[in-house]
Amino acid sequence: MIDEKEAIARHFAKTPKPTDGIKAALIDMDGVLYDSMKNHTAAWFRMATELGIECTRNEFYGYEGMTGAATINVLFQRAYGRDASPEEVKALYARKAQYFVEMGEPQMMPGAAQMLNTLRDAGITRVLVTGSGQQSILDRLDRDYPGIFAHDKRVTAHDVTHGKPDPEPYLKGLQMAGCNAREAIVIENAPLGVLAGSRSGCFTVGITTGPIPEADMTASGADIVYASMPEFASHLPSLLNAFKD
């Protein structure tokens, strides 16, 4: 049984809990708002194997949250012992992005709209924090989730120097939200993003929406882990209330 109050008590064992509850939610995109990771991993795998780089499709789930350049450099360091040049990064990421587009639009994640509406109705600021620069999916946000993410409340791969697992994306998200880490929650679905959220000091929620085991997210610093997005969406009101108790 998930115990939100216990998870919150553990997180705030050494720091005061916000007296007025949570003010902001910092939310990942791929694997949280969209069931897109199977397409991303397939596109990365195709691009890498065409270069003759040995890899597995599932390993790219573990790179989720990193910038495209960082992922390409992981592959280049392993295969060639060097980072890719800026020109190589630009060309290879464009190829990967095209493969992603060719697979068609990924579906909205079941339960995500319910989660976002709960946050909006509670008056909680929503900030998108994604390591992606995939414009084809970023452009869908206003259509699929109207009125949820203001255009000045979005952190993407284009806005950061250090992608996840560095806390920089979530620290930028806190600045956009105008609050501190005690007053925000992070919503993630992969270890690197969870680690970034944890390092930012925010209460970090891990949600299992792919093949990554729950234990990996707990080990990366998730304060609480839910087995699916619909489960999290149904528990979100009680989680928000627990911050006020």
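Buried here means under 20% relative accessible area, exposed means over 50%, and partly exposed is in between, with a 1.4 Å probe and protein chains only. With that in hand, here are some notes for you.

1. **Ground rules.** This is a predicted model, in which local features need pLDDT of at least 70, side-chain atom pairs count only at pLDDT 80 or more, and totals for chains, interfaces and linings use all residues. Residues are numbered from 1 along each chain as its sequence is written, and side-chain values use heavy atoms, with hydrogens and water left out.

2. **Strand 1.** Strands and helices are DSSP runs numbered from the N terminus, with at least two residues (E) for a strand and at least four (H or I) for a helix.

3. **Neighbours of strand 1.** Strand 1 pairs with strand 2 (residues 125-129) in the parallel sense over four bridges, and Leu26 stands opposite Val127 there. Strand 1 also runs parallel to strand 4 (residues 184-188), again through four bridges, with Ile187 as the bridge partner of Ile27. For pairing, DSSP has to find at least two bridges between two strands.

4. Which order do the six strands of the open sheet take? The order is 3-2-1-4-5-6, and the pairing is parallel. Strand 3 and strand 6 (224-226) stand at the edges with a single partner strand each, so one side of each has no neighbour in the sheet.

5. **Strand 5.** Moving along the sheet, strand 4 and strand 5 (residues 203-207) are joined in the parallel sense by four bridges, with Ile187 opposite Val205. Strand 5 then pairs with strand 6 over three bridges, also parallel, and Val205 has Ile224 as its bridge partner in strand 6. Five of the five residues of strand 5 are buried, so this strand is largely enclosed by the rest of the structure. Phe203, Val205 and Ile207 point one way, while Thr204 and Gly206 point the other way.

6. **A buried glutamate.** Is Glu183 buried or exposed? Glu183 counts as buried, at 12% relative accessibility, and its place is in the loop between helix 8 and strand 4. Leaving aside neighbours within four places in sequence, Glu183 is in contact (heavy atoms within 4.5 Å) with Pro18, Ile22, Lys23 and Ala24.

7. **Ile22.** One of those partners, Ile22, lies in the loop between helix 1 (4-11) and strand 1. Ile22 is buried too, with a relative accessible area of 10%. With neighbours within four places in sequence again left aside, the contacts of Ile22 include Ile124, Arg182, Ala184, Ile185 and Phe243. The C-alpha atoms of Ile22 and Ala190 are 22 Å apart in space, and the two residues are 168 apart in sequence.

8. **Ala112.** Ala112 lies in helix 5 (residues 112-121) and is buried, with a relative accessible area of 0%. Beyond neighbours within four places in sequence, Ala112 touches Val32, Leu33, Tyr145 and Met229. Ala112 and Val32 are 80 residues apart in sequence, yet their C-alpha atoms are 7.0 Å apart.

9. **A cis peptide to check.** Lys164 and Pro165 are joined by a cis peptide bond, with omega at about 20 degrees. Pro165 is placed in the loop between strand 3 (154-155) and helix 8 (168-177).

10. **Overall form.** The chain has 11 helices and six strands. Its radius of gyration is 18 Å, which agrees with the value near 18 Å for a compact globule of 245 residues; the radius is taken over C-alpha atoms, and the globule rule is 2.2 Å times the number of residues to the power 0.38. The C-alpha atoms fill a box of roughly 55 × 35 × 35 Å along the principal axes.

11. Of the 245 residues, 54% count as buried. Among contacts with a separation of 6 or more, 67% are between residues 24 or more positions apart.
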